[in-house]
Amino acid sequence: MGAPRIAIGSIFTECNQLGGMPIDISWFERYELHYGAAILALPGGVVGGMLQVLHERQAEPIGLLYASTCPGGYLTRDCYRQLKTDLLVRLQAALPVDGVLLPLHGAAAAEDVGDLEGDLIKAVRALVGADVPIVATLDLHAHVTQEMVHFADALVAWETYPHRDAFTTGARGAKLLLDTVEGRCRPTMAMAKVPVLTGGIHGSTEGDDPFAHLMRQTKAAEGYPHVLSTSLFLVHPYLDQPAMGSGPLVITDNDYAQAETIAGELAAAYWARRFELEPVLYTPASALAQGLQISGGPVILVETSDCAGGGAAGDSVATLKALLAANITATAFVPVVDPAAAAQCHTAGLGAPVTVTLGHQLDPRWGEPITVTGQVTHLSDGRFRYVGGIWDNIEGNMGPSVVLTIGAIQVLVTTHSTYDWMDEQWRAVQMDPASATFIVAKNPMNYRQAYGNIAKAIFVLDTPGPTPPTIRHVQYKQLQRPYFPLDEQIENLTPTILKRRR
Ligand SMILES: [Zn+2]
């Protein structure tokens, strides 16, 4: 056999079905949208890891489509149709291929397709036929479905949160695919799901977090006989789909019983630690009152319910309201996505006093706008470059942005929402987090790496939004009970098994 021909295709984002703004094609154009040979030049990320292994093993990579963007609401019908068609038409033209690599997220949804990845893998399977191996890589926050498990040969997820291992996950996926193509192994897999839905606050894979312990236990099982790969999923709980849950996925070399046994044991361990995954929460007012007792800063106010990285619009002013009400005199940094306010401030110009309506203007389901008067103290085109993570060295784009200074409070008003990795967004507008007494961080995890070394205290806030720190108050339409945390005990619970046997 000559060099195996391996196609690479991707639609990568995370979607929110509780809120957020619909994702259209302009979102992908702002982040990453590459076709054909351009994909083969990607140096890093999940595709970079795949390419390195393909080159080492003299396989021939064929770029189809690589589309990734900051999380949002669902993909519009037109956006998904366009991307899916682009991918499939290029795959059709590339046939015959010996294998397919799909770097996906696993928690994407389109307006009219709830399980985007399942739909995509199924369509790819229909084109390549039953005998061509398909390996997909996933975020460990994927909502893994029966369709995904059934139509792929193997699913391999990130091992880290914060997500540092896109490159190595790509490499693991490519190795497993080539081993399968070359007949060295015959992957068979079982996912065991328990109905545990929690936010990411205690979902770190580092240190003493409950999820870190579970991940280490899961990865240790890669040393068991016949095991090719293990993954552990903490499901993105802001989709609204049937049968959502968390747990392990185990791939063995043609030993299905072993895969199911190990997955079942790890799922039981996950269920046993469920209470540890729920966070302790503060109201903004009580967090501020306690924060003001602390000398120095920064004190991190985690407004995770408005997390752009989980698909929220990023336009909440719930914590800003509390800061204004407290009349604080210490420096506070607050990010708010508000294109209308950003445009008005740009028009007013640097140094100008301005009165704007701010917040809850994109996704008005979660609060009322406020009217504030301040001064425009910085203007920016909103471009920055990520340092690390999934989008390492990729340009982020907040669109026209300003710093609006209201007394001691500095509000970074941006046009577009962007995923938080470290503190790139503040740096882009010359704001130094070390100089702030309070920082509003709109994510459930990456604030730890951004401010962990300088934070004096951290408070996780209970505010309205589509990415709340607990899903206790979410009214799901598709997801049926019982599920934790609403159901703390479930009698005779057995994990739901998703299976793929060759
Ligand atoms: Zn994730």
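My entries follow, topic by topic.

**Model.** I noted at the start that this is a predicted model.

**Empty space.** A probe the size of a water molecule, rolled over the atoms, shows where empty space is left. I searched the whole structure and found 3 cavities of 30 Å³ or more. The largest cavity came out at about 350 Å³. I counted 31 residues in its lining, and Glu14, His141, Tyr161, Gly309 and Gly310 are the closest to its centre. I then sorted that lining by class: 13 nonpolar, 15 polar and 3 charged residues.

I turned to open space next. The largest pocket has a volume of about 410 Å³. Its lining holds 17 residues, with Leu18, Trp366, His473, Val474 and Gln475 closest to the centre. By class I got 6 nonpolar, 8 polar and 3 charged residues for the pocket lining.

**Arginine 30.** I placed arginine 30 in helix H1, residues 25-30. Is this side chain buried or exposed, and which side chain of opposite charge is nearest? Arginine 30 is buried and has no salt bridge. The nearest side chain of opposite charge belongs to aspartate 24, 6.1 Å away. The cut-off for a salt bridge is 4 Å from nitrogen to carboxyl oxygen. I also listed the contacts of arginine 30, leaving aside neighbours within four places in sequence: Glu395, Asn397 and His416.

**Arginine 427.** I found arginine 427 in helix H12, residues 424-428. Its relative accessible area is 44%, so I logged arginine 427 as partly exposed. Beyond four places in sequence, arginine 427 is in contact with Asp432 and Pro433. I also took one distance: arginine 427 and glycine 465 lie 38 residues apart in sequence and 26 Å apart in space, C-alpha to C-alpha.

**Salt bridges.** Side chains of opposite charge can pair when their charged atoms come close. My search of the whole structure gave 26 salt bridges. I looked up several of the pairs.

Glutamate 147 pairs with lysine 122, with the closest N and O atoms 3.9 Å apart. This pair links distant parts of the chain, since glutamate 147 sits in helix H5 (residues 146-151) and lysine 122 in helix H4 (residues 116-128), 25 residues apart. Glutamate 147 is partly exposed at 31% relative accessible area. Lysine 122 is partly exposed too, at 39%.

Arginine 273 bridges to glutamate 276, with the closest N and O atoms 3.1 Å apart. I read 23% relative accessibility for arginine 273, which means partly exposed. Glutamate 276 stands at 39%, also partly exposed.

Aspartate 381 meets arginine 383 in a salt bridge at 4.0 Å, N to O. I read 49% relative accessibility for aspartate 381, so it counts as partly exposed. Arginine 383 is partly exposed at 44%. I then looked for shared partners, and Arg57, Asp179, Glu182 and Arg184 are joined into one network.

In helix H7, residues 210-220, I marked Pro210, Phe211, Ala212, Leu214, Met215, Thr218 and Lys219 as buried. What do the buried residues of H7 pack against? I found helix H6 (166-181), strand E8 (227-233) and helix H8 (256-272). In helix H10, residues 318-325, the buried residues are Ala318, Thr319, Leu320, Ala322 and Leu323. Just after H10, asparagine 327 takes a positive phi of about 55 degrees.

**Backbone.** Most residues other than glycine have a negative phi, and most peptide bonds are trans. I went through the exceptions.

Leucine 95 to proline 96 is a cis peptide bond, with omega near 0 degrees. Proline 96 lies in the loop between helix H3 (77-94) and strand E4 (99-103). Arginine 481 and proline 482 are also joined by a cis bond, with omega about 5 degrees. I placed proline 482 in the loop between strand E19 (457-460) and strand E20 (496-500).

Alanine 243 has a positive phi, near 60 degrees. I found alanine 243 in the loop between E8 and strand E9 (247-253). Its relative accessible area is 53%, so alanine 243 is exposed. Histidine 360 has a positive phi of about 55 degrees, and lies in the loop between strand E12 (353-358) and strand E13 (370-380). At 4% relative accessible area, histidine 360 is buried.

How values were computed:
Residues are numbered from 1 along each chain as its sequence is written. This is a predicted model: local features need pLDDT of at least 70, side-chain atom pairs count only at pLDDT 80 or more; totals for chains, interfaces and linings use all residues. Side-chain values use heavy atoms; hydrogens and water are left out. Helices (H or I, at least four residues) and strands (E, at least two) are DSSP runs, numbered from the N terminus. Buried means under 20% relative accessible area, exposed over 50%, partly exposed in between (1.4 Å probe, protein chains only). Lys and Arg count as positive and Asp and Glu as negative; His and the chain ends are not counted. Contact means heavy atoms within 4.5 Å. On a 1 Å grid over the protein atoms alone, a cavity is a set of points where a 1.4 Å probe fits but cannot get out, and a pocket is an open set with protein on both sides within 12 Å along at least five of seven lines; lining residues have an atom within 4 Å of a point. Grid points are joined across faces, edges and corners, and a volume is the space filled by probe spheres set on the points. Ala, Val, Leu, Ile, Met, Phe, Trp, Tyr, Cys and Pro count as nonpolar, Asp, Glu, Lys and Arg as charged, and the others, Gly among them, as polar.
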